[in-house]
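Trainee: Hi, could we go through this one together? I'd like to talk about side-chain contacts.

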Amino acid sequence: MSAVPRDSAKSLAAALVSVVLWASAFVGIRAAGRSFSPGALALGRLTLGSVLLGASLLTRGWMRPSRRDVALLLLAGLTWFGIYNVVLNEAERRVDAGTASMLVMIAPIVVVALAAVFLKERFTRALLLGGAVAFAGVLVIGFATSSGNATLSGVVLCLVAAVASAIGLVAQKPVLGRLSALQVTWTCCTVGALVCLPYAPGLVRELGTAPTTGIAWLVFLGVFPTSVAFTTWAYALARGTRPA
């Protein structure tokens, strides 16, 4: 039996880290949402992520993006970091965490469709089978953990979040062939934070009244599901763009 190439093992490990941390984010959003409004929570999470990623980027090299790269990064930052976070935060006020995760995880299906249209990627049997198995697993977990309490508006918001994340992922992928995962993630996170700036007064006000546990959950979201998970996912995605 041939050994798994080192780069493939690293990519798989990075992707698994992202999946686990993003799964924990659904619980974190639910908990932090007791202390912060949707927009304020998104701004706090993204601002912290931008600061941490920016500090890390100072020690690394910076490549000048092309105009096309900038346009794609702006789109990814607007959709996957800005819109996705605000909409998902609002959705989790209307549906439980298990239901939200189940609905948002239609995103891979949307990604496959968008990638076929805009990136000219081919549908393969392995891709379709893997997507079906992964989505079936999400359904099992979602049904097992959901309470069944979900409003129509909450369901619609989850679906909007799923589409927004899919658009952002597809926009981000071509850029990762030229720029580092850290630079791409920091740029998108910063764009998302700027999009959420109108919520700054609410964040300042709510930070003054939030309990320690609420602030701790906000910090957790900014450090792990944002700074770490988006970077490890970009790392894995970048290696998926390289020719075999």
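Mentor: Happy to. A term to start with: buried means under 20% relative accessible area, exposed over 50%, and partly exposed in between (1.4 Å probe, protein chains only). This is a predicted model, where local features need pLDDT of at least 70, side-chain atom pairs count only at pLDDT 80 or more, and totals for chains, interfaces and linings use all residues. Residues are numbered from 1 along each chain as its sequence is written, and side-chain values use heavy atoms, with hydrogens and water left out.

Trainee: Okay, how many salt bridges are there?

Mentor: The count is 2, taking a side-chain nitrogen of Lys or Arg within 4 Å of a carboxyl oxygen of Asp or Glu. E90 and R94 form one, at 2.8 Å from N to O. R94 is partly exposed at 34% relative accessible area, and E90 is partly exposed at 23%.

Trainee: And which residue does D69 meet?

Mentor: R178, at 2.5 Å from N to O. D69 sits in helix α3 (residues 67–91) and R178 in the loop between α7 (152–175) and α8 (181–195), 109 residues apart. Helices here are DSSP runs (H or I, at least four residues), numbered from the N terminus.

Trainee: Is D69 buried or exposed?

Mentor: D69 is buried, at 2% relative accessibility, while R178 is partly exposed at 39%.

Trainee: New topic: which residues form the aromatic cluster?

Mentor: W22, W80, F81, F230 and W233. Rings of Phe, Tyr and Trp (its six-membered ring) pair if their centres lie within 6.5 Å; planes under 30 degrees apart are stacked, over 60 edge-to-face, the rest tilted. The whole structure has 9 aromatic pairs. W22 and W233 have ring centres 5.4 Å apart and planes at 50 degrees, so they are tilted.

Definitions and conventions:
Helices (H or I, at least four residues) and strands (E, at least two) are DSSP runs, numbered from the N terminus.
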